[in-house]
Amino acid sequence: MPQTTTDHNAKLERLDALLLQDWVPNAAMDLSMLDGFFTAAISSPKDIAFDQALPRVWDVEQGVVEPVFPSREAAEEMLGLLREHWDYLAAMLGQTPDQFDPVFSEGPEGVVIEDWCLGYIAGMQLDPKSWDGLSDEMRDVLEPVFLYGTDEGEDLLKELALTPEQRDDIARALPDMALALYDEFHPRP
């Protein structure tokens with residue numbers, strides 16, 4: 001039986017708390033970055049397996065640092081919640097796109113999308129060659145992710161000096177962007 005959004009939100013809160021534990025490596029993703037990362041990995045032009053993505057959750061740059069779980073139960077809970085979120089996102093993207101809702105952080109000025117975009121870029125890096133063949137149209141769709149998820153984009157953002165309203169507009173557009181990219185490589189019947 002598929003879990004409800006309410007059930008999943010409760011599990012996300014628990015996953016968020018676990019990702020902040022001392023035994024999780026400093027190089028690990030936060031919840032928003034993880035959500036963007038899994039979204040890109042699931043949307044990838046070539047199939048990416050959960051197990052292939054998992055090392056980058058703990059060490060976004062190199063995928064070599066691993067957590068030292070305090071107990072078997074902690075490991076099972078963490079890995080189970082990560083897998084459930086992966087499966088939940090795959091279902092949202094593939095079966096119920098109208099319910100897809102990225103996990104963004106909240107900051108003093110509103111929604112913060114940088115971590116989600118950094119995660120999306122990290123997900124693309126799992127198989128960068130498969131993303132090289134994007135059409136110009138799809139590259140344009142990805143522009144907000146590049147703007148908020150790369151060093152070059154950060155420099156451009158400083159020059160653009162976007163208003164909070166413009167940033168909120170970009171945040172509201174990201175779900176459609178993610179769905180368009182998913183649909184590009186995984187068309188629905």
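Is R14 buried, partly exposed or exposed? R14 is partly exposed, with a relative accessible area of 37%, where buried means under 20%, exposed over 50% and partly exposed in between, taken with a 1.4 Å probe on protein chains only.

Before going further, bear in mind that this is a predicted model, in which local features need pLDDT of at least 70 and side-chain atom pairs count only at pLDDT 80 or more, while totals for chains, interfaces and linings use all residues. Residues are numbered from 1 along each chain as its sequence is written, and side-chain values use heavy atoms, with hydrogens and water left out.

**Stop 1: R14 and E77**

R14 belongs to helix α1 (residues 5-19) and E77 to helix α4 (residues 72-94), so the pair ties together parts that are 63 residues apart in sequence. Helices are DSSP runs of H or I with at least four residues, strands are runs of E with at least two, and both are numbered from the N terminus.

**Stop 2: along helix α4**

Across the whole structure a search finds 5 salt bridges, and two further pairs can be picked out by selecting helix α4. In one, E76 pairs with R72, their closest N and O atoms being 2.8 Å apart; both lie in α4, 4 residues apart, about one turn of the helix. E76 counts as partly exposed at 47% relative accessibility, whereas R72 is exposed, with a relative accessible area of 64%.

In the other, D87 and R83 form a salt bridge whose closest N and O atoms are 3.1 Å apart, and these residues too are in α4, 4 residues apart, about one turn of the helix. D87 is partly exposed with a relative accessible area of 37%, and R83 counts as partly exposed at 36%.

**Stop 3: the nonpolar core**

Now select F38, L82 and Y120, which touch the most other members of the 59-residue largest nonpolar core, a core being a set of buried Ala, Val, Leu, Ile, Met, Phe, Trp, Tyr and Cys residues joined through side-chain atoms within 4.5 Å. Among the elements that give two or more residues to this core are α1, α2, α3 (50-58) and α10 (164-185), and its largest share, 9 residues, comes from α4.

Centre on F38 and, leaving aside its neighbours within four places in sequence, find F50, V57, L82, H85, W86 and L89 in contact with F38, contact meaning heavy atoms within 4.5 Å.

**Stop 4: helices α2 and α5**

Finally, show helix α2 (residues 31-43) with helix α5 (residues 114-124), which pack at an angle of about 35° with their axes 6 Å apart. The axes are lines fitted to C-alpha atoms, for helices over the stretch in contact, and angles run from 0 to 180 degrees between N-to-C directions. Residues making this contact include F37 and A41 of α2 and W116 and Y120 of α5.

Note on methods. Salt bridge = Lys/Arg side-chain N within 4 Å of Asp/Glu carboxyl O.
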